[in-house]
Amino acid sequence: MTAVTNAPPNERSHGGQAPPPPKRRRLGDLKVAMIFLLPATIGFVVFYIWPTLRGAYLSFTEYSLLEAPKFNGLDNYDRMIHDSFFWNALVVTLEYVVINIGVQTVLAVAIAMVMYRLTRSITVRAAILLPYLVANVVVALVWYWMLDFQVGIVNQGLTWLGIDPIAFFGESNWAIPTIAGINVWRHMGYTALLVFAGLQTIPAYVYEAAEVDGAGEMKTFWRITLPLLRPVLVMVLVVTMIGSFQIFDTVAVTTRGGPINSTRVIYYYIFERAFTRFDFGYASAMAMVLFVILAIVSLLQIRLLRAKESDLA
Amino acid sequence: MNVSRRTLLKAGLAALAVPSLAACNNGAAARGPGEVIYWLWDAAQLPMYTECARVFREQNPQYSVKIEQYGWDDYWSKLVTGFISETAPDVFTSHSAKYPLFADKGQVLALDEFVTKDAVDLGIYQKGLADRWIGADGKRYGLPKDFDSEVYFYNSAFTEAAGITPEQLNSMTWNPSDGGTFEQIVRRLTVDSKGRRGDQPGFDKNNIKVYGLGYGDAGGADGQTSWSWYAASNGWKYSEGEPWGTKFFYGDPKFTETIGWWRGLITKGYMPTYAQAKSGVDVTTSFGAGKYGMTPNGSWMLGTYQTLKGVKTKLARLPIGPIGKRLSMMNGLADTIWAGTTRRDASWAWVKFLGSQTAQDIVAKAGVVFPAVSASLPAAKAKFAENGWDVTPFLETVEAGDVFPFPANPNAADVTAVMTPAMDAVMSFEAEPASLAKANDDVNQILSANA
């Protein structure tokens with residue numbers, strides 16, 4: 001890599017006196033630190049740890065919400081294996097995540113690059129963040145109206161252009177891409193800002209060196225920007241992908257799992273089982289499986305993309 | 001007084017913690033022993049029930065009612081979480097699709113003792129209504145407050161332009177093979193993008209401007225506002241031993257041929273495809289935008305159709321089916337008492353009052369729903385007439401007793417979870433009507449597993 005070999009010697013890795021280690025751990029601050037940590041810890045335990053443990057327990061029970069839970073071992077997990085709705089939900093969710101994260105990440109990097117090269121204007125940055133500031137449900141409803149088959153403005157526009165109107169939410173093949181698209185619209189600005197922040201950490205000298213070496217715009221992007229952006233991208237991918245797997249609200253206010261089962265994503269299915277069909281034990285079991293899937297996906301991403309190392313070092 | 005800062009801090013924290021923990025309770029202790037919390041979901045009915053609460057308070061100074069309203073979607077999940085956390089309202093509006101489960105789980109109070117003790121006259125209600133609230137276990141779980149039925153809402157400008165008279169609209173016949181005069185009317189009401197009607201030469205079924213018939217969804221397990229009256233007037237029943245069906249008949253040829261005919265209207269171009277219908281915001285919005293000649297709907301939607309200013313809407317009777325008469329589903333709401341209430345007597349007093357003619361006269365005069373008490377009905381009719389509605393088509397079937405109940409059962413949510421995707425698949429031509437036999441097996445399996 002031209003960029004790295006041309007970099008000036010890194011001060012940190014080439015000696016320079018490290019500060020002397022502190023002689024004594026300041027245990028005196030511990031008490032105060034604990035007091036400051038306490039509120040966050042209480043919140044974490046009460047709202048995260050406890051519900052997670054209870055969810056794990058309930059996943060081994062038959063629990064209708066209105067009667068006490070009955071322990072039934074691995075029954076729920078066994079049912080899951082034979083439940084075609086569960087597998088369908090996983091496939092649908094995966095389809096959503098692939099479209100959502102794929103499109104969103106590409107667009108976010110593109111927007112960030114354009115901003116980085118063209119403007120540092122605070123106004124532009126704020127404007128790009130705007131969709132993210134609107135509540136999810138509102139965004140979903142507004143798009144639901146705009147994409148209405150008969151009275152929506154988008155289909156009126158398509159008709160005007162001579163294209164047949166599209167049943168965005170009604171056609172099985174369109175429903176997931178439509179919902180994914182709506183969430184791309186809402187989140188890409190925010191993601192772009194994260195990437196933009198990452199771009200600013202890339203030192204200017206690397207680009208200067210590339211220019212001296214005669215690298216073109218595209219080559220610079222592929223050979224310098226993207227590799228140096230990797231740690232930030234991994235963080236962005238992990239966070240957005242976890243969020244993406246948890247798609248719920250857009251489905252809940254628009255298609256509610258339909259048409260047929262084409263948008264019955266895993267979160268929505270869990271919700272349906274738990275709160276409309278009172279099958280809380282089974283819903284908990286599915287939630288545990290989702291938890292494991294997310295943990296594995298995140299670990300894989302961090303491992304495969306070597307998040308801890310930066311090419312700058 | 002010598003109080004250290006530490007003690008003060010502890011006391012302060014304790015003082016903060018106590019009310020916030022107590023707030024998790026719905027304040028049963030905090031409110032007076034005679035105060036009843038009452039829930040309903042329809043915002044349009046809030047004013048009249050507020051008035052009922054005022055009159056109730058006048059008649060029973062020892063009691064008072066606090067009304068809370070939540071939209072339909074929040075209502076049921078809030079109610080269930082209320083049951084679990086013991087913060088449910090003392091009295092709430094209930095629906096026949098929901099109460100059987102609550103009764104099954106012991107969450108609603110049986111009213112038999114109260115009814116006997118106070119000698120409540122159940123004969124004042126519209127025929128058959130009070131019995132809807134007798135659960136599968138033979139106990140009574142509510143006093144009826146209103147009822148609803150179905151008709152067609154039609155765009156009268158379109159029917160006039162098509163040369164269809166109100167007499168024709170009100171004497172339609174239907175059968176599953178050629179659709180009868182009903183289908184002829186729907187065909188004539190359908191207009192393609194070049195202005196040709198469904199029964200005119202050159203009609204282009206692929207480019208439709210106005211569909212003769214609109215629909216909101218595939219109907220799921222009940223088809224209340226989509227197919228229920230066709231199937232019923234074809235001699236079909238939802239289940240054995242209605243209304244507490246233990247074995248359903250969604251695989252019956254009488255049902256599948258009805259659905260086969262119904263979805264055939266899509267092929268013929270008289271009804272939008274399922275994808276288009278589901279992609280709309282809702283059926284009334286499209287009707288209001290002049291996209292449909294007529295749409296079937298329930299009486300609770302009168303207020304919504306009233307707000308559609310762009311179209312002139314009128315009502316037409318359901319068609320007469322193969323069995324020789326027109327049949328409508330009759331459903332209704334009732335007030336039920338939560339089993340965990342700490343205010344039984346006050347709750348019962350309120351339920352009894354809401355089920356009385358005094359309260360239902362107030363409800364009737366608002367002209368939003370049809371009251372359950374027969375004697376209050378004329379007042380409602382008059383109010384609807386004042387708003388430009390001749391509601392006779394809704395009432396005829398009910399008065400003649402040509403009605404059938406909403407298919408209730410304690411596993412309604414599970415049945416819906418099977419039937420909704422199954423019906424969706426048929427209406428979107430991804431499965432044949434014969435596939436409903438398989439869905440029916442699944443339904444019956446759920447029922448036998450939970451019996």
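Start by selecting Arg79(A) and Tyr282(A): the charged end of Arg79(A) sits over the ring of Tyr282(A), 4.2 Å from its centre. The model on screen is predicted.

Go to chain B next and select Lys78(B) with Tyr70(B). Here Lys78(B) lies over the face of Tyr70(B), at 4.7 Å from the ring centre.

Aromatic pairs come next. Over all chains, the count comes to 62 aromatic pairs. One of them is formed by Trp174(B) and Tyr230(B), a tilted pair with 5.3 Å centre to centre and 40 degrees between the planes. Trp174(B) lies in the loop between helices H7 and H8 of chain B, and Tyr230(B) in helix H9, so the pair ties together parts that are 56 residues apart in sequence. Both residues are buried.

Now select Trp236(B) and Tyr250(B), another tilted pair, at 5.9 Å centre to centre and 40 degrees between the planes. Both lie in the loop between H9 and H10 of chain B, so this pair ties together parts that are 14 residues apart in sequence. Trp236(B) and Tyr250(B) are buried.

Finish at helix H15 of chain B, residues 357-366. Which of its residues are buried? They are Ala359(B), Gln360(B), Ile362(B), Val363(B) and Ala364(B). Show their surroundings: these buried residues pack against helices H2, H14 and H16 and strands E4 and E11 of chain B. After H15(B) comes Gly367(B), with a positive phi near 65 degrees.

Definitions and conventions:
Residues are numbered from 1 along each chain as its sequence is written. Chains are lettered from A and ligands numbered from 1 in the order in which they are written. This is a predicted model: local features need pLDDT of at least 70, side-chain atom pairs count only at pLDDT 80 or more; totals for chains, interfaces and linings use all residues. Side-chain values use heavy atoms; hydrogens and water are left out. Buried means under 20% relative accessible area, exposed over 50%, partly exposed in between (1.4 Å probe, protein chains only). Helices (H or I, at least four residues) and strands (E, at least two) are DSSP runs, numbered from the N terminus. Contact means heavy atoms within 4.5 Å. Rings of Phe, Tyr and Trp (its six-membered ring) pair if their centres lie within 6.5 Å; planes under 30 degrees apart count as stacked, over 60 as edge-to-face and the rest as tilted. A charge sits over a ring if NZ of Lys or CZ of Arg is within 6 Å of the ring centre and within 35 degrees of the ring normal.
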